[in-house]
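Hi everyone, thanks for coming. Have a look at the model on the screen, and I'll talk you through a few parts of it.

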Amino acid sequence: MHERPRLTPIQINRDLLRSVLETPLVFYVLLLLLMGLVGLGVIAATLMVSYGLGVTGLNHPVFWGFFIINFVFWVGISHAGTMISAILRLSAAEWRRPVVRAAEVMTVFSLLTAALFVVLHTGRPWRTLYWAFPYDFVRGIWPDVRSPLVWDPSAIFTYLTGSILFVYAALIPDLALARDQTTGWRRAVYGVLCLGWRGNARQWKLLNATGLLLSALILPVFVSVHSIVSWDFGMSLVPGWHVHIFAPYFVVGAVLSGVAAVIALMAVMRSLFRLHDYIRPEHFDMIGRLLIVVALAWAYFYFIDVIFALLSNEEAEYQVMKLRLSPPYLYLFLLMITCNVFLPVPIWMFRKFRRNIGIMVWTAIVVNIGMWLERFLIIIPTLQRRHPDAFAWGDYSASLVEITLVIFSFANVALLLLLFSKIFPVIPIWEEKEGHIWKREFRIGKLRLPAIVRE
Amino acid sequence: MPSVLGLFQSADTAAAAADRLQASGFGPTDYEVLTGAPYPEGAFGEDSGDHRLFIFPLGGAMIGFAVGLMVTAGTQLSYPLVTAGKPILGIPPMFIIMYEGTMLGALIFTIMGVIFESRLPNLTNDLYDSRITEGYVGLVVRCEDDAQADTAQTTLTEAGAEEVKQQGRS
């Protein structure tokens with residue numbers, strides 16, 4: 001990147017291993033705070049398992065509440081890793097280097113959290129396995145693979161496994177570096193994890209080829225995961241959900257919330273680990289440009305969804321959309337559309353704002369509030385009027401247990417990221433060094449211009 | 001067999017040393033270049049050899065597809081319960097599981113491929129220096145005998161190696 005300062009490999013090692021080798025006081029403060037919140041979530045989940053789903057606000061006909069909203073939200077966040085990492089890697093975008101690992105790791109932890117909410121949602125978590133895996137070998141009864149509820153675990157398992165492998169492959173050289181820079185038991189652990197990596201030309205060649213291969217392979221999985229999540233809704237005959245546009249609409253929404261979350265994560269990393277030379281305003285600038293396109297694409301799909309429901313002459317579809325666009329949901333709808341498009345997009349249009357990290361973080365948070373509301377508006381009003389002629393309409397209000405578990409989910413992802421940063425470098429050190437190897441400067445008249453040399 | 005490691009502070013000096021090694025009779029496969037970050041292929045005149053990494057995801061995809069087919073068709077045929085008048089073997093829902101199985105197989109086998117082709121895990125105690133991850137470039141020369149090791153040591157020292165180590169002398 002053009003603003004990258006000239007740094008020696010020793011400086012890069014020192015800066016990027018700081019989070020692993022040093023433990024500032026703020027780390028412990030954050031650790032305690034997050035563990036406290038996670039602990040509250042564990043208590044809430046224990047209460048729910050002990051007393052049953054009656055402690056939640058779920059009731060006929062609204063059987064999907066905060067848990068499923070949270071599931072869809074965190075699956076959406078998990079799309080950041082692939083979007084940032086795979087696409088930028090395939091397109092050889094130089095600015096990807098400092099952000100790829102954090103984005104990939106966020107994918108893993110948010111997917112784990114998303115999967116946890118499906119398990120919690122069942123109310124009897126130990127029974128979840130029965131639905132996802134073959135059971136009852138004596139009678140030979142198997143789960144029905146024709147159900148989208150079986151597609152989901154297969155897609156999430158593939159994406160999670162692929163993401164973990166993606167993170168690990170790119171981590172191997174940095175584990176070797178950590179082995180070389182540590183002593184004692186840590187050296188032994190990193191030595192085992194890096195598999196005896198030496199850094200010869202063949203290994204580097206293969207690692208680069210693997211990065212491209214995995215990127216190319218994981219992209220179709222990335223698209224399939226949120227498409228399949230959308231089919232949890234779309235395959236049903238429920239008015240408001242049985243919509244053909246749901247798959248691309250969900251994928252774009254996931255990219256929007258995920259990439260916005262990466263902005264917040266980058267800002268926290270930059271501040272917490274003093275990574276100002278690595279995560280620079282130009283990175284926020286680039287992601288801001290990307291987000292303009294994604295947010296407008298999301299708005300387009302949302303507009304299509306609304307228009308089709310209102311003008312397709314399907315009475316049930318029309319009534320559900322009318323409900324979403326009437327008070328009290330109208331206020332949430334307006335807040336959502338403001339958070340996702342009307343507020344952030346004009347801000348991202350200006351370079352000055354895109355390079356202002358504080359503003360970018362706030363817009364990222366606002367977008368994620370909007371995206372959470374979007375999932376709420378898809379699920380709750382629709383279920384309240386699920387059966388048009390059955391006189392089984394109802395309301396939903398989340399209980400304290402559900403609210404606690406939503407807070408828990410955010411704390412859980414943050415805690416896992418914090419612990420990861422204590423064990424592994426959060427910026428790929430070898431990739432950062434590679435960027436320095438490729439960087440050259442040349443003169444045009446009185447100017448010295450930086451450039452990236454490519455084969 | 002003895003081996004010699006020369007440590008160089010810059011890539012240019014290491015590349016010049018590699019040229020000298022070749023002039024001294026060592027082939028491009030006789031030495032290995034160790035770096036802390038990837039350099040463009042052939043920057044040191046080394047021969048990193050061919051690989052078959054691209055076969056692995058293909059094999060993995062085929063295995064994953066077969067497993068996906070078995071899980072979907074096998075489970076449904078073993079207990080053929082008609083649901084909502086739908087066919088027992090419906091292609092669209094089966095395709096999704098088979099697709100995920102295919103991709104999962106390809107992903108797992110890609111990693112297996114890179115580990116296998118990179119000769120990992122490497123349990124040998126080959127010559128190495130932790131300064132390589134601090135920006136030094138290491139040239140490891142594998143020699144036939146002690147005399148060749150002496151030649152390699154002299155060549156690397158004359159080429160500007162900051163330090164030269166030997167291992168495995170008889």
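How many of the 6 residues of strand E2 (residues 447-452) of chain A are buried? The count is 0, so to speak a strand that is hardly covered. Buried here means that 20 or more other C-beta atoms, placed from the backbone, lie within 10 Å of the residue's own; exposed means 12 or fewer, and partly exposed is in between. Strands are DSSP runs of at least two residues (E), helices are runs of at least four (H or I), and both are numbered from the N terminus.

Before I go on, a word on the model: it is predicted, local features need pLDDT of at least 70, side-chain atom pairs count only at pLDDT 80 or more, and totals for chains, interfaces and linings use all residues. Residues are numbered from 1 along each chain as its sequence is written, while chains are lettered from A and ligands numbered from 1 in the order in which they are written.

Back to E2(A). Its partner is strand E1 (residues 439-444) of chain A, and the two pair in the antiparallel sense over 6 bridges; pairing needs at least two bridges found by DSSP. Lys439(A), for one, has Ile452(A) as its bridge partner. The hairpin has 2 residues between the strands, and Gly445(A) takes a positive phi near 60° there.

Now for a strand in chain B. In E2(B), residues 31-34, Tyr31(B) and Val33(B) point one way, Glu32(B) and Leu34(B) point the other way, and all are buried. E2(B) pairs with strand E3 (residues 137-142) of chain B, antiparallel again, over 4 bridges. Val33(B) sits opposite Leu139(B) of that strand.

Next, where do the chains touch? Chain B puts 52 residues into the contact and chain A puts in 51, with contact meaning C-beta atoms, placed from the backbone, within 7 Å. On chain B's side, the elements giving two or more residues are E2, helix H2 (55-78) and helix H3 (91-117). H3(B) gives the most, with 16 residues. That side divides into 27 nonpolar, 17 polar and 8 charged residues. Nonpolar covers Ala, Val, Leu, Ile, Met, Phe, Trp, Tyr, Cys and Pro; charged covers Asp, Glu, Lys and Arg; the others, Gly among them, are polar.

Key: Contact = placed C-beta atoms within 7 Å.
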